[in-house]
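Here is my note on the model you sent, written as numbered points so that you can follow each one with the structure open beside you.

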Amino acid sequence: MASRIVLNTISYHGHGAIENIVPELTSRGYKKAFVCSDPDLIKFGVTKKVTDLLDAAGFAYAVYSEIKPNPTIQNVQDGVAAFKAAEADCIVTIGGGSSMDTAKAIGIIINNPEFADVRSLEGVAPTKKHAVFTIAVPTTAGTAAEVTINYVITDVEKKRKFVCVDTNDIPEVAVVDPDMMSSMPKGLTAATGMDALTHAIEGYITKGHCTISDMFHLEAIKLISENLRGAVQNTPEGREGMALGQYIAGMGFSNVGLGIVHSMAHGLSALYDTPHGVACAIIL
Ligand SMILES: NC(=O)c1ccc[n+]([C@@H]2O[C@H](COP(=O)([O-])OP(=O)(O)OC[C@H]3O[C@@H](n4cnc5c(N)ncnc54)[C@H](O)[C@@H]3O)[C@@H](O)[C@H]2O)c1
Ligand SMILES: [Fe+2]
């Protein structure tokens with residue numbers, strides 16, 4: 001069977017990568033960004049590392065941060081309303097999987113309003129148009145949502161998380177800057193790192209694997225096993241290695257799928273709000 005590989009159009013890696021955000025927006029003629037981030041990232045000044053660059057360039061933006069870890073249908077629907085109110089023309093999402101997944105769902109619904117109920121996006125949704133132009137800036141080294149064609153939303157009423165798979169949701173540009181991750185506390189670094197390791201292992205052993213995904217997953221397992229301990233100690237090399245390792249795992253698993261660890265981890269998080277990486281680590 002033929003393999004399909006979907007990746008970002010452009011990605012930046014390494015210290016100082018965020019300097020590329022403003023040029024990527026202005027060179028495309030965008031005028032106002034919808035900055036999608038979460039309340040803690042705003043409180044701890046992580047989002048500010050990027051909004052300072054927008055401010056310095058005089059680039060207009062509006063911030064949306066009503067996003068909880070394991071984001072909900074309500075977070076998405078409020079975000080869609082906020083995007084419209086802001087009259088923005090592009091999205092810059094700064095955060096972990098929760099912020100990036102919410103931004104993906106918002107970007108999809110803005111351009112495909114027939115899916116405004118959010119639940120109808122579950123599985124492989126037949127959206128017609130690509131999401132709003134998005135630059136994704138991860139602040140955890142785990143989900144690789146900046147390069148995946150997936151996003152995960154929690155249905156609070158039904159106590160379940162559902163996965164949406166859609167090639168129209170991949171951010172055009174990923175900016176993977178280890179300096180955005182250096183403020184992660186030890187526990188979060190370890191948990192999100194275990195999410196990345198789980199992606200690499202499950203992606204490698206899944207029946208859907210192919211030669212290209214094997215290449216990504218083997219390198220990701222190597223990078224993560226060499227650098228996760230250093231990242232927990234907050235060394236620059238550890239942060240850089242994990243930023244790259246988690247991204248390379250995403251280049252693989254996004255295209256071939258995961259396994260039973262993730263299926264079970266989503267159930268655990270939906271029932272008990274267990275952080276995703278912790279759920280993966282326990283079940284792995
Ligand atoms: N789209 C995908 O392909 C994909 C893959 C795996 C998991 N997910 C989903 O992603 C979500 C989990 O994302 P996550 O593990 O990245 O965590 P998260 O986005 O839920 O963030 C967890 C907490 O960490 C804080 N945080 C994030 N970065 C920080 C930093 N640099 N410094 C200090 N605090 C920081 C956040 O403010 C938040 O309070 C789950 O909903 C999961 O199902 C998506
Ligand atoms: Fe995961």
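1. The domain bounds used in this note come from an automatic or database domain assignment. The model itself is predicted, and for its chain the assignment gives domain 1, covering 10-180, and domain 2, covering 186-283. When the centres of domain 1 and domain 2 are taken over C-alpha atoms, 20 Å separate them.

2. How many residues does the contact take from domain 1 and from domain 2? Domain 1 gives 25 residues to the contact, while domain 2 gives 24 residues. Between them, domain 1 and domain 2 bury about 1900 Å², and 61% of this area lies on carbon and sulfur atoms. On the side of domain 1, the residues that lose the most area to domain 2 are A141, V147 and K161, which together account for 24% of what that side buries.

3. Turning to the ligand, there are 29 residues around ligand 1, and those that come nearest are G97, S98, T140, T148 and K161.

4. A polar backbone atom of G97 is 2.8 Å from an oxygen atom of ligand 1, and a polar side-chain atom of N70 lies 3.4 Å from an oxygen atom of the ligand. For T139, a polar side-chain atom lies 2.8 Å from a nitrogen atom of ligand 1. Taken alone, ligand 1 exposes 870 Å², of which the protein buries 92%.

5. Which elements give two or more residues to the shell around ligand 1? They are α2 (39-43), α5 (97-111), β7 (150-155) and α6 (186-205), and α6 supplies the largest share, four residues. Each of domain 1 and domain 2 contributes at least three residues to this shell.

6. Sorted by class, the shell around ligand 1 holds 14 polar residues, ten nonpolar residues and five charged residues.

Note on methods
Residues numbered from 1 in each chain as written. Chains lettered and ligands numbered in written order. Predicted model: local features only at pLDDT ≥ 70, side-chain atom pairs only at ≥ 80, totals over all residues. Heavy atoms only, no water. Near = heavy atom within 4 Å. Polar contact = N/O pair within 3.5 Å; in protein donor to acceptor, adjacent residues only side chain to side chain. Areas by Shrake-Rupley, 256 points an atom, 1.4 Å probe, with all protein chains shown as cover. Nonpolar A, V, L, I, M, F, W, Y, C, P; charged D, E, K, R; others polar. Contact = heavy atoms within 4.5 Å. Buried area = accessible area lost by both parts, 1.4 Å probe.
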